[in-house]
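Thanks for coming. I will go through one model this morning, starting with its sheets and ending with its cavities.

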Amino acid sequence: MPQRSFRCRTAILVAPLLVTAPLPALSADEAGDSVQRLEALTVTATKRDQALGSVDAAVSVRSGEELAQAGVTRLDQLDRVFPGLVIRARGNRAYTGVTIRGVTSPDYYNPSVQVYVDGVPQDPANFAQELVNVERVELLRGPQGTLWGRNAHGGVINVITRTPTDRVEGLAAVTLGIPERGAQAMISGPLVPDRLAAELAVRWNQDQGQVDDIATGATGIDEGISRFARLKLRHAPTGGPLALTLTATREELESHEELYIRERNVEDRSYDSATQGDRAWLDRQVTTLALAGDYDLSEALRLSSVTSWQSRDMTRVITVNTPESQDSFSQELRLAFQAGERVDGVMGGFVQDTGFTRTTPGYPGYYGPDRNEVDTRSYALFGEATYALTPVLDLTGGLRWSREEAEIRYDRPGSGPYDFRFQARDDFSDISPKLSLGWQLAPDHRVWATIARGFKPGGFNHAVSSTADALPYDSETSTNYELGWRGTAAGGRLDIDAAVYLITAADKQIYTGPLGAQVLRNMGDAASHGIEVDTAFRATPDLTLRAGATLGRSEFDGGPYDGRRLPYAPDTTLRAGLRWIVPQTTVPGAVAVDLGADWVSRSWFDEANTLSQSAYALLDAAVEVDLDAGYAIRVFARNLTDEVYRTSSFDFGGGDIRSTIGDGRTIGITGSWRF
């Protein structure tokens, strides 16, 4: 298959563009070895194994090693390694908002960016989850509705964890720091050689808090503890066509982190329980069961299946208890194919059934305990194929049909106007096409142009405040126009990934009404446009420099907020860092220095653009000693300058502005042993 081989070969040469681990510059004599080494670098952004350099879309990849070098241990910390990605907790970690290319959502329950872990769509309340034994993370920018479906409106974060093999591997690590400390362990290896392998991973982390109580003098009142455990079994007989992976995951979070700090107390990170009430309480428990399988029907056909069940129970107490629960079952079946020398692609189907329940205790004398139930059923058929027009020119087309059925049942017994109940249902359908053209200008330069549609389904408000919530909000859709380039320069030492984009969104889903009585409605359109760049420069075999930026603008187009900026969508984000392997012969191993800097421009927190966080910068640093025997010590500091910045702000009435804040300075030391 000469044409297909050529496409793979040119893709391999540009494959390291977005993987910025330190690599030496390659001489001409080393080129053959480098090609062999880089062949393993593939991504699943197109829901089939594909060399990164042949993907005609803005896809960034960070390996598990790179995440460790940056000190990233949770999903909501990924914006420290991906330029243009903004992740902020809007109250607590269960209400984490993700912004890509200025596309975000005010609705915690129906986000604009989807998160997948090993093919399983994640409950939005579990976006800020632990990252344990990760192989790589793929960031897909722009609408990805054709292959990834609902809520891939702004992009997708695709997490792939390591697969257990016949090789025995393990890790034990302890972190001591201020205000964090924790421990983790992992063991992986064969149960039945050449047939069955297993992995067991656990992590415990305690945050001792950063906020003080003015009234009592207590410190660290926003403390919290998280616990994580995962068991993975993989049945993959050597030489056989079938591979099955069964995964069971349990994650628990107990935290007082949700504190709304008055404006005058933000810089001091202080809270007044005497006038603001007792600190909040959050208890989130998430259980996930998943069965993933691949069956090679032939060399050109692979059938894949992902079946998952995820259950989330959450207790949230702010003055009163408002518990929530959500159970979600999903099934995806897809077929990856190669037809002759010129065509390859994927086709499949997806179904998901989600049941959500939320209760509140009521208000004595007015109304009793209420209950809101929202059921959602999703169905989809999708397909995408790439045709090699010439050895250097590819055309990719895709299409997805989606149907969403939503039903709400609400009951609130009370007196007079406070007594109401309703039941309603609606459905939402969409056709999401995609078309892209990729041109391999040279073995180390590729350009592409893409047009793709995004779909964010309509539905019902999960937090009911009035009879107006009996009316659904409509779907939000978008179109992404993108022109991108991947290339290398400076003898292969400089990797560049750049794209310009325009996203037009219709029927934006926005909260309207006073705080505490808001409903979701479609209010106008929006547009986001900009340029993004991600680079890695291997200055020497021991020094790697990284830099990335997104320069853009996201604003409402029409409606009551015409011309205003979209919330949680800064115009500019800058990421820069370096990793230096210190030349030395004293230590039997490697000594490395990691430095990182992030700069984020002003972010608005409301549609009217009255509340905001001004531009700020965060600095990180670490020194790591990695011994040949498998032992390592890492001394680190995050937010080295102890910058105070808001992650959300709300007007509680009468000009009483209260905010949640980001993490302050964290320093610590981690000792680990890997075998």
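Two strands pair, as I use the word, if DSSP finds at least two bridges between them. Strands themselves are DSSP runs of E of at least two residues, numbered from the N terminus. Before the details: this is a predicted model, in which local features need pLDDT of at least 70 and side-chain atom pairs count only at pLDDT 80 or more, while totals for chains, interfaces and linings use all residues. Residues are numbered from 1 along each chain as its sequence is written, and side-chain values use heavy atoms, with hydrogens and water left out.

First, the three-stranded sheet. β16 and β40 pair in the antiparallel sense over two bridges, and R262 stands opposite R658 in β40. The sheet is open, in the order β16-β40-β39, and its pairing is antiparallel. At the edges are β16 (261–262) and β39 (646–651); each has a single partner strand, so one side of each is left without a neighbour in the sheet.

The loop between β39 and β40 contains G653. G653 has 39% relative accessibility and therefore counts as partly exposed; on this scale buried means under 20% relative accessible area, exposed over 50%, and partly exposed in between, with a 1.4 Å probe and protein chains only. D642 is not a glycine, yet its phi is positive, about 55°. Its relative accessibility is 26%, so D642 is partly exposed as well.

Next, the five-stranded sheet. It is open and runs β3-β8-β9-β6-β7, with mixed pairing. Here β3 (59–63) and β7 (120–121) are the edge strands with a single partner each, so one side of each is left without a neighbour in the sheet.

How is β9 paired with β6 and with β8? With strand β6 (residues 113–117) the pairing is parallel, over five bridges, and V115 is opposite I157 in β9. With strand β8 (residues 134–141) the pairing is antiparallel, over seven bridges, and V137 is opposite V159 in β9. Further along, β6 and β7 pair in the antiparallel sense over two bridges, where Y116 has P121 in β7 as its bridge partner.

Strand β9 (residues 155–161) has seven of its seven residues buried, so the rest of the structure largely encloses it. In a regular strand the side chains alternate between the two faces of the sheet. In β9, G155, I157, V159 and T161 point one way, V156, N158 and I160 point the other way, and all are buried.

Two backbone points. I178 and P179 are joined by a cis peptide bond, with omega about 5°; P179 is in the loop between β10 (169–178) and β11 (180–192). K47, in the loop between β1 (42–43) and β2 (50–51), has a positive phi of about 60° although it is not a glycine. With a relative accessible area of 6%, K47 is buried.

K47 also lies over the face of F382, 5.5 Å from the ring centre. The rule is that NZ of Lys or CZ of Arg is within 6 Å of the ring centre and within 35 degrees of the ring normal. R602 lies over the face of W604, also at 5.5 Å from the ring centre.

On to rings. They pair if the centres of Phe, Tyr or Trp rings (the six-membered ring for Trp) lie within 6.5 Å; planes under 30 degrees apart are stacked, over 60 edge-to-face, and the rest tilted. The structure holds 17 aromatic pairs. One of them is Y410 with F422, whose centres are 5.4 Å apart and whose planes are at 25°, so this pair is stacked. Y410 belongs to strand β24 (residues 393–412) and F422 to strand β25 (residues 420–442), twelve residues apart. Y410 is buried at 5% relative accessibility, and F422 is buried at 13% relative accessible area. Y95, Y108, Y109 and F356 form one aromatic cluster.

Last, cavities. On a 1 Å grid over the protein atoms alone, a cavity is a set of points where a 1.4 Å probe fits but cannot get out, and lining residues have an atom within 4 Å of a point. Grid points are joined across faces, edges and corners, and a volume is the space filled by probe spheres set on the points. By this rule there are 14 cavities of 30 Å³ or more. The largest cavity has a volume of about 790 Å³. It is lined by 42 residues, of which R74, Y645, I661, G662 and D663 are the closest to its centre.

Key. Helices (H or I, at least four residues) and strands (E, at least two) are DSSP runs, numbered from the N terminus. On a 1 Å grid over the protein atoms alone, a cavity is a set of points where a 1.4 Å probe fits but cannot get out, and a pocket is an open set with protein on both sides within 12 Å along at least five of seven lines; lining residues have an atom within 4 Å of a point.
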